[in-house]
Amino acid sequence: MTTLLTHDSVITEETTPLGTPNTVPLSMVERMTLIMGAFDRPMARLTLDEVTQHTGLPRSTVHRILDQLVQCRWLIHARTHYSLGSRALTLGGRELAQHELRTAAADVLQPLALRTGALVHLSTLAGSEIYYLDTFGGRTGSRMPGQVGGRAPAHCTAAGKAILAGLTPEYVDNQYLGTGVTGHRTAHSIRDIARLHQELARIRARRGLAVERGECFDNLACVAGAVRNGAEPVGAVSIVTRSDCALEPLAPLVMRAARAITDALSRAHEAY
């Protein structure tokens, strides 16, 4: 940075990210645009240093703006990485992100449904709800709920809890503290945020395996595992069965399927 003297003022000269001298400092909108431009793919995951390198802005400036974008739900901060949040995805990136996820899962879910004879869902998170992207029926699927395009409260489903367990407690608080844990489906549904955090901690202790029995529908049980884009959960695979069925045999199958889809996403991103 250099200082230029004119006949009536002192102008601070900055350098743009492209290295071109610019006598007018970047506005906040321009800096935010540069930062959001770093996330040029729906499932892009970037560290603070990677965003800083992409934009050419000072690291402290990038960190401050990233925090503000997270608070406003334009971005999500999951541990060390940032990715597009619900607001950004709603504006047009959601369909592309969902397409990537469905494509990665295409060769995994149908065999899982046939092997288990149960209903298999692929879901993603939409605020405090899950959104069903794909459904495979198996032998009993036609009698089970959960249609493509349908929604359910995330805290009532194994899929939703699997995703929430991989996000920061602050994200969960932002989703629920303002409105409370609403959308109870049954007498077994989680009804307060303290209990929700306890359940998410148990899921993390089980290495991401989420279960629910009678929390969304009285006569159904479900087991789920999160699909990840790097370390961040971007969806979940779930197996739904009757509430009187044992879930233990299904647990390794759903976790193996989630890992397979995660690996497929990783290979797809490496091909970019």
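## Close-up views of a predicted model

**View 1. Strands β10 and β11 side by side.** In this close-up, Gly-225 has Val-237 in β11 as its bridge partner. The model is predicted, so to speak for a local feature a pLDDT of at least 70 is needed, and side-chain atom pairs count only at pLDDT 80 or more, while totals for chains, interfaces and linings use all residues. Numbering starts from 1 along each chain as its sequence is written, and side-chain values use heavy atoms, with hydrogens and water left out. Strand β10 covers residues 220-229 and strand β11 residues 232-242; they run antiparallel and are joined by 10 bridges. Strands here are DSSP runs of E with at least two residues, and helices are runs of H or I with at least four, numbered from the N terminus.

**View 2. The six-stranded sheet around β10 and β11.** Follow the order β8-β7-β6-β11-β10-β9 across this open sheet, whose pairing is antiparallel. The edges belong to β8 (151-153) and β9 (210-213); each has a single partner strand, so one side of each has no neighbour in the sheet. On average, neighbouring strands are turned by 30° against each other, direction ignored. Two strands count as paired when DSSP finds at least two bridges between them.

View 3. Buried means under 20% relative accessible area, exposed over 50% and partly exposed in between (1.4 Å probe, protein chains only). Leu-119, His-121, Ser-123 and Leu-125 point one way from β6, whereas Val-120, Leu-122, Thr-124 and Ala-126 point the other way.

View 4. The Thr-262 side chain reaches the backbone nitrogen of Arg-228 at 2.9 Å. Beyond neighbours within four places in sequence, Thr-262 is in contact (heavy atoms within 4.5 Å) with Ala-226, Val-227 and Arg-228. Leu-253 also counts as buried, at 13% relative accessibility. With the neighbours within four places in sequence set aside, Leu-253 is in contact with Leu-112, Arg-115 and Thr-116. Leu-253 and Ala-224 are 29 residues apart in sequence and 9.6 Å apart in space, C-alpha to C-alpha.

**View 5. Helix α1 packed against helix α3.** α1 (residues 28-37) and α3 (residues 59-71) meet at an angle of about 85°, with their axes 11 Å apart. The two are therefore roughly perpendicular to each other, a label for angles of 65 to 115 degrees. Met-28, Arg-31, Met-32, Ile-35 and Met-36 are the α1 side of the meeting; on the α3 side are residues including Thr-61, Val-62, Ile-65 and Leu-69. Axes are lines fitted to C-alpha atoms, for helices over the stretch in contact, and angles run from 0 to 180 degrees between N-to-C directions.

Key. Polar contact = N/O pair within 3.5 Å; in protein donor to acceptor, adjacent residues only side chain to side chain. Parallel < 35°, antiparallel > 145°, perpendicular 65-115°, else oblique.
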